[in-house]
Amino acid sequence: MFASKTKTSAIAGAILLITSAAHAGSFGAIAYSIETGSYGYSTGYSYRQAAESAAHDYCYQNGASDCNTVIWFNNACGALSLSSNGVYGAAYNASIGRAQNAAIDYCVANGGDGCYLEISDCSFE
């Protein structure tokens, strides 16, 4: 009987560890509206869904009705670049500078004219 209790406890402990690891971190997200150019971002959330929801809420508050998550990140930095012709780029990286450069590079690679950094932020635990 003692062995089965220990085995059950060990399994329950392993499940708890796996579940905790799946949700561990500090999530952030950036939502963007192609139609209006509005955006919203969030950092410091325990769950990806909560970070995305908050980013969407901020985007909607800025007058958009078509906000979509363009990037989410966990214990990292995210960046959004915009251009004069409506093309955008988004990226994440452990380094804010690398996230910013990658977002601009994606904007340019997708045909953006005059790509510039609009927003970047980090979300670390």
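Which residue does a disulfide join to Cys77? The partner is Cys122, with an S to S distance of 2.0 Å. The views below come from a predicted model.

**View 1. The disulfides of the predicted model.** The structure holds three disulfides. Number the bonded cysteines of the protein chain in sequence order, and the pairing reads 1-2, 3-6, 4-5.

**View 2. The disulfide between Cys77 and Cys122.** The sulfur atoms sit 2.0 Å apart. The link is right-handed, with 95° about the S-S bond. Cys77 belongs to strand E4 (residues 76–82) and Cys122 to strand E6 (residues 116–123), so the bond ties together parts that are 45 residues apart in sequence. Burial is given for each end. Cys77 is buried, at 1% relative accessible area. Cys122 is partly exposed, at 24%.

**View 3. The disulfide between Cys59 and Cys67.** Here the S to S distance is 2.1 Å. The link of Cys59 and Cys67 is left-handed, with -85° about the S-S bond. Cys59 has 0% relative accessibility and therefore counts as buried. Cys67 is buried too, with a relative accessible area of 4%.

**View 4. The disulfide between Cys107 and Cys115.** Their sulfur atoms lie 2.2 Å apart. About the S-S bond the angle is -80°, and the link of Cys107 and Cys115 is left-handed. Are these two cysteines, Cys107 and Cys115, buried or exposed? Both are buried.

Terms used. Residues numbered from 1 in each chain as written. Predicted model: local features only at pLDDT ≥ 70, side-chain atom pairs only at ≥ 80, totals over all residues. Heavy atoms only, no water. Disulfide = S-S within 2.5 Å. Buried < 20%, exposed > 50% of the residue type's maximum accessible area, 1.4 Å probe, protein only. Helix = DSSP H or I, 4+ residues; strand = E, 2+ residues; numbered from the N terminus.
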